[in-house]
Amino acid sequence: VSKVYTAELLGVGTELLLGNIVNTDARDLSVMLSELGINVYWHSVVGDNPQRLRQAVEIARSRADIIITTGGLGPTCDDLTKQTLAECFGLEMEFNQEAADRMREHFAVLNRPMTENNLQQAWLPVGCTVFQNLWGTAPGCAFKSGDNIVLMLPGPPRECNAMFRHCGMPYLRSLSDETIVSHNLRIFGLGESAVEFRLRELMNELKNPTLAPYAKEGECMLRVTAKAATEAEAEAMMVPVIERVRGVIGDYIYGVDAGSLEEAVFELMKEKGVTLSVAESCTGGFVAKRLTDIPGASQVFPGGVTVYSDMAKAKLLGIDAGLIAEKGAVSYEVACEMAVRVREVMGTDIGVGITGVAGPDTDGRHEVGDVFISLADESGVYCRLYTLGKTRARVRLSSANNAFDLVRRRLSGLPMEHRD
Ligand code: ATP
C-alpha cells in the first residue's frame, strides 16, 4: 500500500497578515493538490520574519510530509524564504547559473535594466530540484530531507499557479510509484446533499477509486479518483464506478470533465445539428450572453430577444396584448407563446422562453422565484413552473441554468421533469 501524503501550505508575507492581500495561492494550491490525492491538513501564514518563519517551519515539518511555501523568494531583503528554509534543513546555498541567465533574459525582454540584487534570487539550496521561472523572475525549488519534502514557490499568483502546475505537480508525481487519475462528473438538478444521500453506500464502500461530491454555484460535481501503477489501470478501475453512478443519477450528469452547462449544451447542439433561439424576460439576455461567451456559438445560436416589458413581448414577438393582460406576463400561456414565437421568427429548431419574478418586487400573482420556462420544437411546446430561490441574482442564474438543462434533456431524449 503506498503512502498518502499530507501537506501544509505556508504563506510567507507580512502583507498577508496585514490583510492587504488574500491568500489565494493557498486556495489554488489546495485545489491542485487534491487532484494529486494529497491531503492538505494545514494552511498557515507567517510574516517576513526569520525567527517566526523558522518556528512555522519546525511546526510544519513535525506534522506534515510536504511543506509548500509561497512568497518571499524575491530580491528584496525581506524575501527570506529560501535562506531560512535552507538553514532549517541544514543545507548550504549555491548559485544557479541557469536561473541567473533566465533572469537577465527576462529583464532584456521587458527592456528593463536588471539591478544586481536580483541575482540573489539565483541562490538556491544545494542539491535541490530547480523550478525555473518561465513566468517571472524568482526561481522556485524542491528538495527532500528525511521524511519531509519541501517546495518553495513564488508569491505572485500567476507565477505560483503556473510553476506548481508545470513543475511542482510533476515533481510530486515522480515521488510516488503510483499514478492518480480523476474524472469530474458534472451534475445539474441535484444538490450536493441529495447526491450524497443517493450515493452514500457506494461512497462508503469504495476505497480505490474514491468518490467525493463537491458543491458548486447552482450545481454540483462528483469526483472519481483512482490510484494505480499506470494511468491505463487507473482509467480501467474508474469505468465500472462511473457506470454505477450513472445507474443511480445518470439523468443529472451533463458531462464528464465537461466545461460549463452551456458548453455541454453547445456541444450537444453541434453534434445533433440543432439551432436554438431564446426569448428572455427575467433573465434579461443572460442565456444569450452565456451562449455567446462560447467561441463559435453562431453555429447553433442565431440570436434571441430580451422582451422585458409587456410592450416588448407584444411588439417584438407579436404576442397578443390581451392574452398578456388577462393571464399576466408571468404565466404558462405567455411563456409558451414566447418559445413558439421566437422559434418562428428566428426559424430555429428549438425556441426557449423564460418569464418569471426575479424580485425583489412581485407581480401580485406570484412569489419571487416563480419562473416559467418553455421549450418549443417541432413536436410542440413544453412549459413548466419552477420555484427558484429568493434573491434576484439567484433566480436569474437558476432560470438560465434550468433553461439550458431543458434543452439538454430534450436533445438527449431524457424526461423533461427532473425533480422528485
Ligand atoms: P517576487 O519575485 O515578485 O518578489 P516573491 O516570491 O518574493 O515574488 P512576494 O514578494 O512575497 O513574492 O509577493 C509578491 C506578490 O505576490 C505580493 O505583493 C502579492 O501581491 C502576491 N502574493 C504573495 N503571496 C501571495 C499569496 N499567498 N496569495 C496571493 N497573492 C500573493
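This is a predicted model: local features need pLDDT of at least 70, side-chain atom pairs count only at pLDDT 80 or more; totals for chains, interfaces and linings use all residues.

User: Why are helix 3 and helix 4 called oblique to each other?

Analyst: The axes of helix 3 (residues 50-63) and helix 4 (residues 81-88) come within 10 Å and cross at roughly 50°. Angles under 35 degrees count as roughly parallel, over 145 as roughly antiparallel, 65 to 115 as roughly perpendicular and the rest as oblique, and helix 3 and helix 4 are therefore oblique.

User: Which residues of helix 3 and helix 4 meet?

Analyst: With contact meaning heavy atoms within 4.5 Å, P50, L53, R54, V57, E58 and R61 in helix 3 meet T81, T84, L85, E87 and C88 in helix 4. By class, this contact of helix 3 with helix 4 has five nonpolar, two polar and four charged residues.

User: What makes helix 2 roughly parallel to helix 6?

Analyst: Helix 2 (residues 24-35) and helix 6 (residues 157-175) pack at an angle of about 25°, their axes being 10 Å apart. That angle makes helix 2 roughly parallel to helix 6.

User: Which residues of helix 2 and helix 6 meet?

Analyst: In helix 2, T24, D25, D28, L29, M32, L33 and E35 meet P157, C160, N161, F164, R165, M169 and L172 of helix 6. The residues of this contact divide into eight nonpolar, two polar and four charged.

Methods
Residues are numbered from 1 along each chain as its sequence is written. Side-chain values use heavy atoms; hydrogens and water are left out. Axes are lines fitted to C-alpha atoms, for helices over the stretch in contact, and angles run from 0 to 180 degrees between N-to-C directions. Helices (H or I, at least four residues) and strands (E, at least two) are DSSP runs, numbered from the N terminus. Ala, Val, Leu, Ile, Met, Phe, Trp, Tyr, Cys and Pro count as nonpolar, Asp, Glu, Lys and Arg as charged, and the others, Gly among them, as polar.
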